[in-house]
Amino acid sequence: MHLTKEEERIYEGEEGWTKKKAMEILVAIGDINNASKLIRIKSAHISGASYKTIGDAFEFINSLEGTVRVKSTLNPIGMDIEKRNEIGLSRAFANKQKEVLEAYKKLGISAECTCVPYLTGPMPKRGEHLAWAESSAVLYANSVLGARTNMEGAPSALAAALIGKTPLYGLHQPENREPGIRVCVKCDLVDADYSALGFLIGNRIGNKIPLVELPPSSVPNKDELKHLSAAIGATGSVGMYHIKGITPEADAIGLPAETIKIEKGDVKKFYEVNEEADVIAIGCPHCSSLELQRIYELLRVEGKGRKVRKDFFIFTARAIKQRMQEVVQKIESYGVKVICDTCFVVSPAFERYRCVLTNSGKMQRYVPLLCGGAEVRLCKTEECVRKAF
Ligand code: F3S
């Protein structure tokens, strides 16, 4: 990979050990992927922020010096920094988590701690290059916003943030963004159906970028696209999909020859688990303002002044909670807890449940693996709220 004079200087260590290590990581990744050069990025989004997942490996972050060169945000950590007691986390965990957060903050990384940086910070524009590490956000950025990012790992996103650049390969290049498989959806979809669809797509497409063809009556809104992106990211290995009329570059692409079909029965199967849930969790990925508003309206209709009968958690970004303070207060008046900075999957606080009801396909994938073996029941948002009373 070609390096400029300045990049070579960094590689040789003339700007210190931290930048040298970051440059070595980018060069190694670039060489493996036949990248010709490094390109500037507009922002970085870094995962590996929860003490539950990173453990004491964060000591390495502590040893780094200097600051990031581009706007850099952090994925959810292992707790709500204002509600440790309320969610029942040990002081020992909280102290470790605070150390992890401080280590990232010292590098100039914003402690927003959300998986929807496109809803809280500047929204990436079409054609902008990014280095993002949260799969749901990567798919949303590429497929809905038309920005360009590979599915980074925590070390490569951090290295890109420190240098302000990433190797030019993969989804940064238009020729690698072409779809390789058509997914013909033969049924109408709404709400959590998009989670089910994403789950199915991720499982069936291998490493080919899908062109998703929906029936004309199914036009997903931004929140449904967020869930579709998250579920494809959780079950598949591709960093983008195309939907005509949504993906900015989808109108200029050809039709792949290989086709798979998704029928009504495929989607229906997701709702057939009959296990009684002992907790309800919505907000994977973190809820948007609109989702919070909608949940409040559903609570008002279903609750009729009553409190929920089961533990019910809603996860969102702190910036969104602040924007929606009044709605959040009303939601909490029903006994629902609105939690920020963290989520059901990355915090140990939610490992005590047996079966969780959710509208999220990503939770369907990760809760059984990462939350003490709990089961997941997928439900439409409306049904999740109804089951709470
Ligand atoms: Fe976000 Fe946690 Fe889901 S990081 S996408 S809410 S697993």
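Author: Ala, Val, Leu, Ile, Met, Phe, Trp, Tyr, Cys and Pro count as nonpolar, Asp, Glu, Lys and Arg as charged, and the others, Gly among them, as polar. The structure above is a predicted model, in which local features need pLDDT of at least 70 and side-chain atom pairs pLDDT 80 or more, while totals for chains, interfaces and linings use all residues. Residues are numbered from 1 along each chain as its sequence is written, and side-chain values use heavy atoms, without hydrogens and water.

Reader: Thanks! By class, how many residues of the shell around the ligand are charged?

Author: The shell, meaning residues with a heavy atom within 4 Å of the ligand, includes Cys-115, Glu-134, Ser-136 and Lys-362. Six of its residues are nonpolar and two are polar, and the number of charged ones is two.

Reader: Which element gives the most to the shell around the ligand?

Author: Helices (H or I, at least four residues) and strands (E, at least two) are DSSP runs, numbered from the N terminus. Gly-283, Cys-284 and Pro-285 are among the residues around the ligand. Pro-285 belongs to a strand, β9. With three residues, the biggest share comes from β9.

Reader: What is the omega of the peptide bond from Cys-284 to Pro-285?

Author: In general, most peptide bonds are trans. The bond from Cys-284 to Pro-285 is cis, with omega near 0°.

Reader: Which residues of helix α15 are buried?

Author: Happy to list them; buried means under 20% relative accessible area, exposed over 50%, and partly exposed in between (1.4 Å probe, protein chains only). What covers the buried residues of α15 includes α7, α9, α10, β9, β12 and β13. Those buried residues, in a helix spanning 361-370, are Gly-361, Lys-362, Met-363, Gln-364 and Val-367.

Reader: Why does Val-376 count as buried?

Author: Val-376 sits in strand β13. Contact means heavy atoms within 4.5 Å, and beyond four places in sequence Val-376 has such contacts with residues including Met-363, Gln-364 and Val-367. Val-376 is buried because its relative accessible area is 7%.

Reader: Is His-242 buried or exposed?

Author: His-242 lies in the loop between α10 and β8. Its contacts beyond four places in sequence include Arg-177, Glu-178, Leu-211 and Ile-253. At 0% relative accessibility, His-242 counts as buried.

Reader: Which residue has its backbone nitrogen 2.8 Å from a polar atom of the side chain of Ser-218?

Author: Ser-218 is in the loop between β7 and α10, and its relative accessibility of 5% makes it buried. Not counting residues up to four places away, Ser-218 touches Cys-187, Asp-188, Leu-189 and Tyr-194. The backbone nitrogen at 2.8 Å belongs to Leu-189.

Reader: What is the phi of Asp-191, which is not a glycine?

Author: Most residues other than glycine have a negative phi. Asp-191 is in the loop between β6 and α9 and is buried, with a relative accessible area of 12%. Its phi is positive, about 55°.

Reader: And is Asn-34 buried or exposed?

Author: Asn-34, in the loop between α2 and β1, also has a positive phi of about 55°. At 70% relative accessibility, Asn-34 is exposed.

Note on methods. A polar contact is a pair of N or O atoms within 3.5 Å; within protein, one must be able to donate a hydrogen and the other to accept it, and residues adjacent in sequence count only if both atoms are side-chain atoms.
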